[in-house]
Structures are given as structure tokens and as C-alpha cells.
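Reader: I'd like to go through this one with you. Can we put it on screen and start with the ligand?

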Amino acid sequence: MKRKLYLETFGCQMNVLDSELVLGQLRAHGYESTEDRDRADVILYNTCSVREHAEQKVWSRLGELRPQKQQRPELVIGVIGCMAERDGVDLFRRYPHVDLLCGPGELDKLTQLVHNAVVTGSDRPRQTALMGSNTRRSATLAAAEDNLELLDLSRSINSEDDVAQAYVRITRGCNKFCSYCVVPYTRGPEVHRPPQNIIDEVKRLADVGVREVTLLGQTVNHYHFRHDDGRQTTFAQLLYDIHEAVPHLPRLRFVTSFPRDFTNEALAAMRDCPRICRYLHAPAQHGSDRILKSMNRGYTAGQYYDFVDRAREMMSDISIASDFIVGFPGETEDDFELTMEMVRRCRFKNSFIFKYSPRPGTVAIDRFVDDVSDADKRSRNNRLLAVQQEVSESINRQMIDQTVRVLVEGESKLVSRQAANTGKVELGWEKRPVALAADETQMVGRTPGDQVVVFSGPLSLKGQLVDVRINGAKNLTLFGEYCGSKSPRQTSSITAGSTIAHSV
Ligand code: SAH
Ligand code: SF4
Ligand code: F3S
């Protein structure tokens, strides 16, 4: 009988992709996945350490498992991903019922660790594979990298999977060492994958019907691969190469971009290739030069504004999203006002806003006092959110009466919840009850600029690219009417008052 595996994923897209890869490996070794944690033989958490809150969620999951482990000592509990790497064996002290730890840089070893834990039974020795904080920068790095590359290459891509969207890693790790951030310690130094491996992977995904590939890297636009003969493939070249080699892929995107690393060539590649989505997630983190300096971001607010201007000059319809940290040590009201100003001026499509969370092992926790009170952090978070919401709503309202191309992700969660609770559906931008035909529901999808669109249509549209005419807008959502299959394939997106049509 196959052993049952329960895997829950926290954190960023990298972790989502890692989970897909390890699941594929474990399936190939005789495990089957289950949604039912209580009936699993192996429970794995793929974790995130970026803020304390992300870790708290996993601590509470592990706490819940104590009684289960007492009742079923043969149950295998594993913590994998960034928190395993950051906490290391300390985690065993706090949670002695955990059997295995595996960092994100060692996931090629996970199948072996799980197997060892399963076969050795309830008095098993603990299994660990960690790269050890920030030390693996020597010869062993190359070997470990080769193994990680094999893990990426092992990806099982089947036409039966019927998925419309997929992630493809292009860069592992990060070298930026922003003073607040754990990622360079948990994921190790930056390594770029060989371009041909990336292109082949994108091609295999498109061959089985994937409609949108998102290239992943912590600083994705910093990609550069040095070939044995000394030639370099830059990020811009990689974009052109994928676009040309995989003409049957309707949409290509990438996250997360580092603002300082954006070359005009990379922006030109986005402009020149119609199937590359005109969307940038390029976190600014702050609007004050003083704070940007203590964050070690390596650019000033002025340089960030220049980057946004450059991007908009080349593509007036580009949609830009950002991340911000509020309450960083030493942040005054004046500093914070500069962040507010940046959101107003840059007109981001949306911003992810985080309260500063001091992380053990980072430079910021050692060097700076976490001196902004929690009340001030909360208030700044709310004020920044309010400004961003105004900006987002005004950008979205400019979409009204436009027809946009939407990749349909599935049924709107809100609707399925409402329908389950009340039997009625009340959605649409005016919050009026929506009359649905018998075979229709509320579907949700995204524009090339990453705007969320809700519209009525049949479930069969899931995974399709369709045209929707926008008739309402809120700050997080556009609402529209499905144009049917015979509508024109032209799409348009609009940002900051200008429109350009292109087909994605
Ligand atoms: N590589 C990406 C971000 C990865 S982490 C980049 O550099 O843009 C995702 C986001 O979490 C960051 O953009 C930052 O806004 C936030 N973040 C990271 N560390 C944090 C911390 N210690 N406290 C609060 N937010 C943090
Ligand atoms: Fe963290 Fe900075 Fe690297 Fe992003 S660029 S992962 S914020 S160190
Ligand atoms: Fe979290 Fe690790 Fe991603 S810390 S944000 S899961 S790289």
C-alpha cells in the first residue's frame, strides 16, 4: 500500500515550486498525496522565515501535532524550506516530535530523508540536511548546485495535469543582503540556471497546454549566465530567446525584479515581445533615502523614480507593483511621508505592505533598535494601504469600457463561499445580486497587467484566455462581462492615463 503524504506550503512562489518538485519526487518513490492530515503517514511543512508571523503559523501547526505524534509514534513529521534552514537543530529542542529538517538548498536529499525516517520506525534517529548558515560558498557549492539543477530537471510535466499556469526557476538564492532579510541566509548565494535548461522546461510546459509561465528569481532581472566559452546570456537575451523558442506559449511573466538591475535592454525585450506581459513587480521597500541606505537596498528614491519613468517611457501601459516595509528602525513620520509620496507618484497597481519584523541572523537586528512602536507600525500600515487603495481604484476605474484579455484561473472563491452559505450570490461591483444562467458561475482571472477580473461565465472557461469587457472597478478587482468566444483578440490595458493595445 502506498504511504500517504500531507504537504502544506507557506511563503513565496519559490516554495510553491519547490513543493511541486518534491511532491513529484516523492510520488515517483511510491508516496501518494492526501489532503487529510489526520490520515497521513508523513506530514511535511514547506516553510517561510521572512517575517515572524510566517513562522508563527508553522509553530502552531507543529503544536497541534503533539498529541497525534503521541498516539502514532510512527508518524513522520518534517519541516522543510527556509524556516528549517534558519532555525536549524534548535527547532528540535522546541518541537522534539519533529523527525526531519531539510533546507531549501538541500531538497534534492528530501526523498532519502523521508525514506530513512519511514523505514527506521518510531525510535528513528533524526534526519537533517541543512547547508549551514551562509558558509557554503566553496567547492561544495558547485556539487550542491548540480544536484539542485537535477531536481529542477526532474520535474514531471504531464498533459493530464491540465494546469494553465506554471513557475519556472531561473535563479536560485540572493546576493543582495538587504539588512532586514533572511533570504540570502536561507537560500544561499545567487546561482543562475543554464539558459537551455530554462528554455527546454518552458517549452515542455507549453507543449502540454500551459498558457502562462512565470519565471522566478528573488532578483529575477539580475539573471546572467556565463557560458564555458566566456559568452554571457543576459536577462534581456533570455527573454528574447524564450519568446522566440516557444511561440505557442501565450503568456510569459517574471517576478521579482530588483529595481536597480533593470537595464534598458530588458525593458526593450518586454516592449518588443508581444507575449511578455507588461507587468513588473519591482519592490521599492521605502521612499526615504536614509531608510533605503540602512536597508542596504543600493539605490535612492530618486533612482527608483528614474527607473519607473524609464519603464513608462518605453511602455506607457506597463503595470507596476511594489512592496513596502513600514516601521523600519529609525523611521520617522517624515520618512514615512516620503513612502506615501512614492505610492502617490508611482501609481503602483498594488503594493504589498509589511510591518518591519526583526529577524534573527540579519544585520538589521544586530545593528538597529526596533524602535517604532507596534501602534505606529499598525497606523502607518493602514495609512499607506488607504493611499494605495485610492491609487489602485483610480487605475482600475480607467479600465471601464475596455476589453481585456483574461487568463481564467477558476471560480471566484468569494462566490463559492457565498453560494455554499446562503445559496445566493451577491457580487459585482455594485454588490447587487447577480443573475446567473444555470451553467454559469462567477469566474476569476487576471489581465496581462496582473489585475484581477471577476465575470459571469461557465466553469469550462477555467484555464482559457478569454475577452472580458470591463463594466465596474474596485481597488482590488475589476468586474466585467464575458465577450464569448468570437470576440476580437485585441486587448488593451491602461495605467496612469494612457492606453496602448497589444495582444497577450
Ligand atoms: N526578493 C524580493 C523580496 C523577497 S521577500 C525583493 O527583493 O524584492 C518579500 C517581501 O517581504 C520583501 O519585498 C519585503 O517587503 C518583505 N520583507 C522581507 N523581510 C522582511 C522583514 N524582516 N520584515 C518585514 N518585511 C520583510
Ligand atoms: Fe531579501 Fe533583498 Fe534578496 Fe529581496 S533582494 S530576497 S529583500 S535580500
Ligand atoms: Fe519566505 Fe524563503 Fe520565500 S523566507 S519569502 S519562503 S525565499
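Author: An oxygen atom of ligand 1 sits 2.6 Å from an N or O atom in the side chain of D323. I call that a polar contact, meaning a pair of N or O atoms within 3.5 Å; within protein, one must be able to donate a hydrogen and the other to accept it, and residues adjacent in sequence count only if both atoms are side-chain atoms. This is a predicted model: local features need pLDDT of at least 70, side-chain atom pairs count only at pLDDT 80 or more, and totals for chains, interfaces and linings use all residues. Side-chain values use heavy atoms, with hydrogens and water left out.

Reader: How much of ligand 1 does the protein cover?

Author: The protein covers 90% of the 540 Å² of accessible area that ligand 1 has on its own. Accessible areas come from the Shrake-Rupley method with a 1.4 Å probe; for residues, only the protein chains shown count as cover.

Reader: And which elements give two or more residues to the shell?

Author: Those are β15 (319–326) and β16 (351–355). Strands are DSSP runs of E, at least two residues, and helices are runs of H or I, at least four residues, numbered from the N terminus.

Reader: How many residues surround ligand 1?

Author: There are 15, and the closest are R51, Q218, Q285, D323 and S357. To count as near, a residue needs one of its heavy atoms within 4 Å.

Reader: Which domains do they come from?

Author: Domain 2 (157–277) and domain 3 (278–394) each supply at least three residues of the shell. The domain bounds come from an automatic or database domain assignment.

Reader: Back to Q285. How far is its side chain from the ligand?

Author: An N or O atom in the side chain of Q285 is 2.7 Å from an oxygen atom of ligand 1. Q285 is in the loop between β14 (279–281) and α11 (289–294), and has a positive phi of about 70° although it is not a glycine.

Reader: Buried or exposed?

Author: Q285 is buried, at 7% relative accessible area. Buried means under 20%, exposed over 50%, and partly exposed in between (1.4 Å probe, protein chains only).

Reader: What about N296?

Author: N296 also has a positive phi, about 60°, and is not a glycine. N296 lies in the loop between α11 and α12 (301–314) and is partly exposed, at 41%.

Reader: Why mention phi at all?

Author: Because most residues other than glycine have a negative phi.

How values were computed: Residues numbered from 1 in each chain as written. Chains lettered and ligands numbered in written order.
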